[in-house]
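Welcome! Take a moment to look over the sequence and the 3D view, and then read on for a short tour.

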Amino acid sequence: MLRRKPTRLELKLDDIEEFENIRKDLETRKKQKEDVDVVGGSDGEGALALSSDPKSREQMINERIGYKPQAKPNNRSSQFGSFEF
């Protein structure tokens with residue numbers, strides 16, 4: 001097996017700026033989540049409101065992953081075709 005020299009990685013200014021922006025976004029999201037937890041935790045209704053509506057949770061997940069479910073017809077002809085006996 002042939003050995004090669006290690007690849008040199010260079011850190012550019014754009015990379016540093018992108019990292020800082022992402023880190024700031026994550027920190028703000030974390031603070032917002034903590035604020036929601038504090039408000040929801042004091043009433044006890046915040047956590048229940050999120051878990052009591054599974055349809056909206058399912059819709060959020062579907063939107064996030066890009067899944068668009070199609071309505072399924074419930075008649076037999078759509079399941080088995082138009083067979084005639």
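## A residue before the first helix

Leu11 sits in the segment before H1. Please keep in mind that this is a predicted model. Leu11 counts as exposed because its relative accessible area is 67%, and exposed here means over 50%.

Together with Leu13 and Ile16, Leu11 makes a nonpolar surface patch of about 330 Å².

## The overall picture

How many helices and strands are there in the protein chain? The chain has 4 helices and 0 strands, and the pattern read along the sequence is α-α-α-α.

Of the 85 residues in the protein chain, 2% are buried. The chain exposes about 9,400 Å², and 54% of that comes from carbon and sulfur atoms.

## Charges on and around helix H1

Now for some charged residues. Asp14, Asp15, Glu17 and Glu18 form a negative surface patch. One of them, Glu17, has its place in helix H1, which covers residues 13-43. With a relative accessible area of 43%, Glu17 is partly exposed, because that value falls between the 20% limit for buried and the 50% limit for exposed.

Side chains of opposite charge can pair when their charged atoms come close. The structure holds 1 salt bridge. Which side chains meet in a salt bridge? They are those of Glu20 and Arg23, at 2.8 Å from N to O. Both residues belong to helix H1 and are 3 residues apart, which is about one turn of the helix. Glu20 is partly exposed at 26% relative accessibility, and Arg23 is partly exposed too, with a relative accessible area of 39%.

## Helix H3 and what follows

Helix H3 spans residues 54-65, 12 residues in total. From its first C-alpha to its last, H3 reaches 17 Å, close to the 16 Å expected at 1.5 Å a residue. Is H3 largely buried or largely in the open? H3 lies largely in the open, because the number of buried residues among its 12 is 1.

## Pro69 in the loop

Where does Pro69 lie? Its place is the loop between H3 and helix H4, the latter being residues 76-80. Pro69 counts as partly exposed, because its relative accessibility is 48%.

Definitions and conventions. Residues are numbered from 1 along each chain as its sequence is written. This is a predicted model: local features need pLDDT of at least 70, side-chain atom pairs count only at pLDDT 80 or more; totals for chains, interfaces and linings use all residues. Side-chain values use heavy atoms; hydrogens and water are left out. Patches are made of residues with over 30% relative accessible area and no salt bridge: like charges are joined within 9 Å, nonpolar side chains (Val, Leu, Ile, Met, Phe, Trp, Tyr) within 5 Å. Accessible areas come from the Shrake-Rupley method with a 1.4 Å probe; for residues, only the protein chains shown count as cover. A salt bridge is a side-chain nitrogen of Lys or Arg within 4 Å of a carboxyl oxygen of Asp or Glu. Lys and Arg count as positive and Asp and Glu as negative; His and the chain ends are not counted. The place of a charge is taken as NZ of Lys, CZ of Arg, CG of Asp or CD of Glu. Helices (H or I, at least four residues) and strands (E, at least two) are DSSP runs, numbered from the N terminus. Buried means under 20% relative accessible area, exposed over 50%, partly exposed in between (1.4 Å probe, protein chains only). The expected span of a helix is 1.5 Å times one less than its number of residues.
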